[in-house]
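This report describes how the chains of a multi-chain model are built and how they meet. Please consult the sequence and the structure shown below while reading.

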Amino acid sequence: MEDGTRKSGDLWSGVALAALGGYIIIQARQWEYLGPEGPGAGFFPLWYGVAILGLSALLIVSNLRRRAARGNPIDWIRLGRALSTWFALAVSVALFKPLGFVISFALLTYFIVAVMYRRPLATAALVAVASAAAFYLVFDRALGVPLPVGILGF
Amino acid sequence: MEILAGLLNGFAVALEPANLFWCFVGVLLGTVVGILPGLGPPATIAMLLPLTFSMNPAGAIIMLAGIYYGAKYGGSTTSILMNVPGESASVVTCLDGYQMARKGRAGPALGIAAIASFVAGTVGVLGLMLVAPPIAKFALSFSSPEYFALMSLGLALVVLLAGRSIVKALLAALAGLWIASVGTDLFSGTSRFTFGQMELLSGIDFVVVAIGVFALAEVLVNMEAREETQLLPVPKGLKNLLPTMQDLKDCRFAFVNGSVIGFLVGALPGGGSTIASFLSYGLEKAVSPRREQFGTGVIEGVAAPEGANNSETGGALVPLLTLGIPGSGTTAILLAALVLWGFKPGPLFIPEHPALFWGLVASMYIGNVMLLILNLPLVPLFAQVLRMPVYVLYPLILGVSMVGVYSVSGSLFDLLLLMAFGLLGYLMRKLDYPSAPLILGLALGAGMERALRQSLMMSEGKLSILVSRPISAVMLSLAVLVLLIPMFGKLNAWRLRALEQG
Amino acid sequence: MKSPSSLIALFAVLCAPLSFAEGFKPARTVDLVVHTGPGGGSDVLARAIAIMVEKEKLLPVRLQVINKPGGNGAVAAAHLAEKRGDPNTLGLFTGVWLQTPLVSAEAKVTLRDLTPVARLVLEPAVIAVKADAPYKTLAEFIEAAKKNPGQLKQSGGSNTSRDNVVRQLLQKSTGARWAFISFPGGGERIAALLGGHVDIMVIEPEEAGEHIRAGNMRVLAQVSEKRLAKFPEVPTLKEAGFDVPVVPQVRGVVAPPGIPKENVEFWQDFFRRLTRTPSWQKYIADNQFEDGYQSAAELEKFYDEFTDRMREILKDAGVKTVR
C-alpha cells in the first residue's frame, strides 16, 4: 500500500465514516433513548454513533496534520481489474432469476478465465462448463442443496 | 464410581455394531456438511429426522450427535484453504489458517485443526461426563450482567486484533456493532436501519457478512494482479503435509486453552461457538511469546479456536441433557428430536435414561477418534486443491461462497448482501482497515446490547449491577485491563524516550 | 326396475361429492412453507404433518417443508403472495404472521392478502415460578407485585409475543405492575427463571413438564379455556379469578391468493380429515395442544377479531402499530 494512497484513503474513509456516524445519531434520536422499562432502541446506537463520529474525526484530523509528500497515485489498473470482477459477479447474481445458477456461473467463470486471465477462449469455455457442471452435480444432485433456479428450470 | 459404571455400560451400548455404524455415518456426514459453507448441522439433522423413526433411539441420537460435532471438524477446511468460513464458528480459523496456507503450510494448518479438534472434543466429552451437573448449576448463575461482561471482554480483544492502527480497528468493530443492530429490536419492536426492506427485519446473517468480507474480498484483491503466480505454494513431501513436533510443542497451551474455554462458554445457554473461538484466540494471542505474529500465520492461532469450537459441543450438551435447555440452533433441534422420540431432556433425563446418556457419551469418544482417523489422511488430499490453477480456483471460491450463502436461507436478497459486503471487504483491505474487528463486533454486538438492556431492566436502571455481582465485576475488570494493554506499550515507549532525552 | 340410465344416474349422484373433491388434486409435491429455519416451532409441526401424511396416505403426492426464514415471518408471507394461483403451495402460519404486519411497516403482506384455509391448533401456556418462590397462587404474585410496583420481573420473548400480551392483560385488569425482560431463546428464558434472575414466566406446558417433574418449577395458573389433561389441579386464569381474555397462540394453514374455490375446499377438507386421524390426535395430546380446528370462513372471522384485539393490547402497552 503506497503511503500517499493510504493518506488520501484515510481522509475519504474518515469522511465517509463520519457521515455514517452522523446518520446513525440522527436515526437513533428518532427512537426512544430511555424508557420506563429500561434503555430503548435508541440507546446503544446513539453511543456507538457518537463513537464512530469521534473516531473518524480523529482520523481526519490526524490525516490532515500528517499531509506531507503526496506519494504515488492510486493504481487505477489494479483497482479496475478488481472492480470489473466485482461487476461481473453482480451481473451474474442478477442473472440468477432469469437464467439460474448453473448458466450464470458458467458465464461468470468464462469471463474470469477469458477476460481477467487472458487464457484461450477454448480453455475458458472448458473450465466454465466443467465447473458449472461440477456444481450442479455435487450440490443439486448429490447433496440436494438448492441452487437458484431460472426460468429454464435449473 | 457410578461414573465408571455408567461409562462402561455406555461403551457396551456404543460398541454394538449397529450403533458403531450409525456413529460412523453421523461423523462422516457431519464432516461433509461442515466442509460445505452455509449448509449446517441444523438443516441436515432436520432433514434426517424422519429417517430416524425407524431406528432405535440410541443409534439415532448417536448419529445426529455425530453430525453435530463432526461438522466442527470439517468447518476448518474451507476456512484454511479458501478463506471461506465453513460456518460461523470457523471464522476465527480463517485469520491465521488462511495465512498459513498462503505460506505453503496448508497441510500443518489442516492437521493441527484436526488434532486440536480431537483433543478439545475429547476434553469436552470428559467434561460432560464428569462435571455436567455442577457446571450446569454454575451456568444458571450466569445471567445478563455476566453475559455483558463476557461480551465486553470479547470485544476488548479487538485491541489485540488491531494491527497498525487502533483507531481503524475500533472503527471497524463499531461498524460491526452497527450491522448487528440492523433489524427488529427485540424489546420494543422498533425496526432499526432496515431501509424499508422486509428481509432486513430479522437482521443480517453473520455468515453472509463473514463470507463476503473474507472470501469475496480476498478473491477481488487477488484479481488485481494478472501475473500467473501459483496461488498458494503446495507443500511437497509428507513431512510438510502434517504438523511437525515443533508445531505440536508450540500448541501446548492452545490445546488447553481451546478445550477449557470452549467447554465453559458452550455450557452457558447464551454462549456459542463463535464467542468461544474468539475468546480462545484472544487469550492465546495475549499469552503467546510471538503475539505480534498472530494474523500472519501462526499455528497456535489455528489450534486454539478450532479446539474451542469442538469442546463447545460437549459444553452445549451440558444444559441440554441436564436441564433440558437448548443453548444454540443445533441443540434446539436435538431437543426436538429427543422429544419426538419420546424422551424429555431435563433434570431427570440422566437418572431415568442412563443407557441413552452414557451410550451417547461413549459414542462421542469413539466418534472423535473416528474423526481424527478420517480427517488426518484427508489433509494431503485437501492440500492438493491448491494445485489448481488460479483461474479455476477463484471462480470455484466465488461459486462456493454463493452457494453457501444461498443455502442458508434460499434468498436472493442474501446474495445481494454478499455482493455488498464483498465490496466493503475489498475497500477495507485497500484502505488498511482490519476485517477481523468488524466480524468480532458483528458477532458480539447484538448479544452485548441485549445483555446490557436486560441487566438494566433487572436492576431497575442501576448500572451498579454490573459490578456488584462478583463474576461480572471480575470479567469487566479484565476487559478494562485488556483495553489498557496497548497503553502500557505506548507509555513504556514514551518513558524510554524521555529517559533517553533527559 | 333399474334401467342402465337410472343406474348411471344413481352412480353419478353417489359419486358427486367425491368428484367434487376430486375436481382438484395436487399434481406435484406440495410445498408447505414455514417461516422458521429447521428445528423451529413451525418447522417441527410441518415435518410432523408431512410424516402423518405419508403414514396415513392422505395425499397421492408427497408433502415437503420449505423453510423461508427471515423478516419475522414477512419473507414467508411474501413468498406465498408471490405464488399467486399456485395450487400446490401452502403456508403454515402462526401468530407472528398476524402480528408482524401490525408493528412493522416493512412487512407488507397480511393474512388478508392470502387465502385462509384452516386453523389447526391453539397452544395454551402455563404461568410458572421457581419452586422455592413464596407464591403459591397467581393472586399471591399479583399482591406482591402491587406492593412492589416494577420490582418483580418476568422473562419472555419479544414485546409483541404472547408472554407480554398475557402480562399486559393481567396488569390492566389488576392494576399491578411488573417488569418484562425479553430473551431471544426459550432456553435463556428458562435459565433466567431457574437461576433466580427473574420471578415468573409464561411457558409452554410441554417445556415446563420436565422441570415441574424434577421439582424445580411450580405452575400457578393456566392460560387456556379449559384445564389441560396433564395439569388437572392448576386453575385457569378465569378460575383463578382473573377475568382476562385468553389470547391463544395459533397455528393454521393459508394458501396463496388467487386460488379457485374448489382448491380451497379441497385443502380445507384435507386438513379437516387430517385433524381426525389418530396420529394427529396423538400428536396434539402428546404436545398438549388444543384442537382449534376452524374452517376457512371461521378463520377469516378469527383473524379480524385477533388483529383488532392485538391492536388494542399493543396500544395499551405503548407499542406503535402501523396498520
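Which residue in strand 3 of chain C stands opposite L32(C)? L90(C) of strand 3 of chain C takes that position.

The model is predicted, so local features need pLDDT of at least 70 and side-chain atom pairs count only at pLDDT 80 or more, while totals for chains, interfaces and linings use all residues. Residues are numbered from 1 along each chain as its sequence is written, and chains are lettered from A and ligands numbered from 1 in the order in which they are written.

**Chain C: domains and sheets**

The domain assignment of chain C, where bounds come from an automatic or database assignment, gives domain 1 (17-123 + 249-316) and domain 2 (125-223). Taken over C-alpha atoms, the centres of these domains of chain C are separated by 30 Å. Their contact takes 10 residues from domain 1 of chain C and 10 residues from domain 2 of chain C; two residues are in contact if their C-beta atoms, placed from the backbone, lie within 7 Å. On the domain 1 side, helix 4 (95-103) and helix 11 of chain C each supply at least two residues. Helices (H or I, at least four residues) and strands (E, at least two) are DSSP runs, numbered from the N terminus. By class, that side of domain 1 of chain C has three nonpolar, five polar and two charged residues. Here Ala, Val, Leu, Ile, Met, Phe, Trp, Tyr, Cys and Pro count as nonpolar, Asp, Glu, Lys and Arg as charged, and the others, Gly among them, as polar.

Chain C has an open sheet of six strands with mixed pairing, in the order 2-1-3-10-4-11; two strands pair if DSSP finds at least two bridges between them. Its edge strands, each pairing on one side only, are strand 2 (63-67) and strand 11 (290-294) of chain C. From one strand to the next, the twist averages 25°. Strand 1 (residues 30-34) and strand 3 (residues 89-94) of chain C run parallel and are joined by three bridges.

A second open sheet of chain C has five strands in the order 7-6-8-5-9, also with mixed pairing. Strand 7 (179-182) and strand 9 (217-223) of chain C are its edge strands, and its twist averages 30° from one strand to the next. Strand 5 (residues 125-130) and strand 9 of chain C pair in the antiparallel sense over six bridges. V129(C) stands opposite R218(C) in strand 9 of chain C.

Axes are lines fitted to C-alpha atoms, for helices over the stretch in contact, and angles run from 0 to 180 degrees between N-to-C directions.

| Helix of chain C | Strands of chain C touched or crossed | Direction |
|---|---|---|
| Helix 9 (residues 261-276) | strand 3, strand 4 (115-123), strand 10 (249-255), strand 11 | about 20° with strand 4 |
| Helix 11 (residues 296-316) | strand 4, strand 10, strand 11 | about 70° with strand 4 |

**Chain B: a helix pair**

The axes of helix 3 (residues 41-52) and helix 4 (residues 57-82) of chain B come within 10 Å and cross at roughly 165°. These two helices of chain B are therefore roughly antiparallel to each other, a term for angles over 145 degrees. Helix 3 of chain B contributes P41(B), T44(B), I45(B) and T52(B) to the contact, and helix 4 of chain B contributes A60(B), L64(B), I67(B), Y68(B) and A71(B). These contact residues divide into seven nonpolar, two polar and no charged.

**Contacts between chains**

Chain B meets chain C through 43 residues of chain B and 45 residues of chain C. Helix 3, helix 14 (329-340) and helix 19 of chain B each give two or more residues to this side of chain B, and helix 3 of chain B gives the most, with five residues. The side of chain B that touches chain C has 21 nonpolar, 19 polar and three charged residues.

The contact of chain B with chain A takes 43 residues from chain B and 49 residues from chain A. Helix 17 of chain B provides the largest share of this side of chain B, 10 residues. The residues of the side of chain B that touches chain A divide into 28 nonpolar, eight polar and seven charged.

**Chain A: domains**

The domain assignment of chain A gives domain 1 (3-65) and domain 2 (76-143). The C-alpha centres of these two domains of chain A lie 38 Å apart.

How values were computed:
Parallel < 35°, antiparallel > 145°, perpendicular 65-115°, else oblique.
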